[in-house]
Amino acid sequence: MQEAREAIQNYDDVDNWKTVMFLYNSALKEVGTKLEILNDEFKHVHSYNPIEHIKTRIKTPESIVKKLKRYGYEVSIDNMIRYINDIAGVRLICSFTSDIYRLASMIGNQSDLKVLTIKDYIKNPKESGYKSYHMLVSVPIFLSDSVVNTKVEIQIRTIAMDFWASLEHKIYYKFEGNAPEYISKELRDCADMVSMLDEKMLSLNNEILSCQRQKTIEGIKEEVSEVTKQDAEKLGFAD
Ligand code: 0O2
């Protein structure tokens, strides 16, 4: 099996770029389909939908170049494949924090995906307040004459975490990474509120589920007692 870097060595630069992008796009399709299937299975078996929505994206050339420069690497296709892990990115948005770990474990159990790294920014939030669960996986892309392992970054987060991250991302870019301290502090405070909201929503959901379970149990009990009454009548034991 090849890594993407080895797969492109025999082409010139333009072909290299096209080949690399073809591989990353294929990897996105593979991972995206796997996640859709997991979600459909969950809906079918448990009548529950852990994924609110799935977003996929390929990092723009500008953003790749910026990141390479930020890391201090020369801009080259080889360095981009070697050092930029999130060229192909999938974002999974869930309702509850518990869904995040459930999905992460289901992804980790897929035998053809190799989990390269995990960054749990939910247990260990970034200084900015950023929370999300990142999995870097490698997926085999089956070509006509070879198999190429290609990296995809999967970010899993709740709707509330996603709301915060999108807004913070915009602000970060607006100030080019140098936001005034009071704005950064406000954002960290908002991140705490987001965590509180996530916790509240999860415990509310657990309450709702427990009420539903109780109702179902009472319904079954009523049905059973009705059947028993009818049987007794049939057998002439009824009062
Ligand atoms: P963009 O524009 O979203 O693509 P690595 O080389 O992978 O080890 P990296 O890239 O710092 O190091 O990895 P990390 O920490 O997993 O972050 C990758 C991505 O997570 C970022 O990509 C963001 O999308 C998101 N992210 C990380 N930290 C923050 C944060 O503080 N705020 C927000 N809003 N998003 C964050 P890019 O390329 O930085 O940005």
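Ala, Val, Leu, Ile, Met, Phe, Trp, Tyr, Cys and Pro count here as nonpolar, Asp, Glu, Lys and Arg as charged, and the others, Gly among them, as polar. The model is predicted: local features need pLDDT of at least 70, side-chain atom pairs count only at pLDDT 80 or more, and totals for chains, interfaces and linings use all residues. Residues are numbered from 1 along each chain as its sequence is written, and side-chain values use heavy atoms, with hydrogens and water left out.

View 1. A cavity is a set of points, on a 1 Å grid over the protein atoms alone, where a 1.4 Å probe fits but cannot get out; lining residues have an atom within 4 Å of a point. The volume of the largest cavity, about 40 Å³, is the space filled by probe spheres set on the points. G129, Y130, K131, M161, W164, A165, A191 and V194 line the cavity. Six of these residues are nonpolar, one is polar and one is charged. Helix 6 gives the most, with three residues; helices are DSSP runs (H or I, at least four residues), numbered from the N terminus.

**View 2. Shell around the ligand.** The ligand is surrounded by 20 residues, each with a heavy atom within 4 Å of it. Among the closest are K59, Y121 and E168. The shell has 10 charged, five polar and five nonpolar residues. Helix 6 provides its largest share, four residues.

View 3. A polar contact is a pair of N or O atoms within 3.5 Å. For S128, a side-chain N or O atom is 2.8 Å from a ligand oxygen atom.

Note on methods: Polar contact = N/O pair within 3.5 Å; in protein donor to acceptor, adjacent residues only side chain to side chain. Helix = DSSP H or I, 4+ residues; strand = E, 2+ residues; numbered from the N terminus. 1 Å grid on protein atoms, 1.4 Å probe; cavity = no way out; pocket = protein on both sides within 12 Å on 5 of 7 lines; lining within 4 Å.
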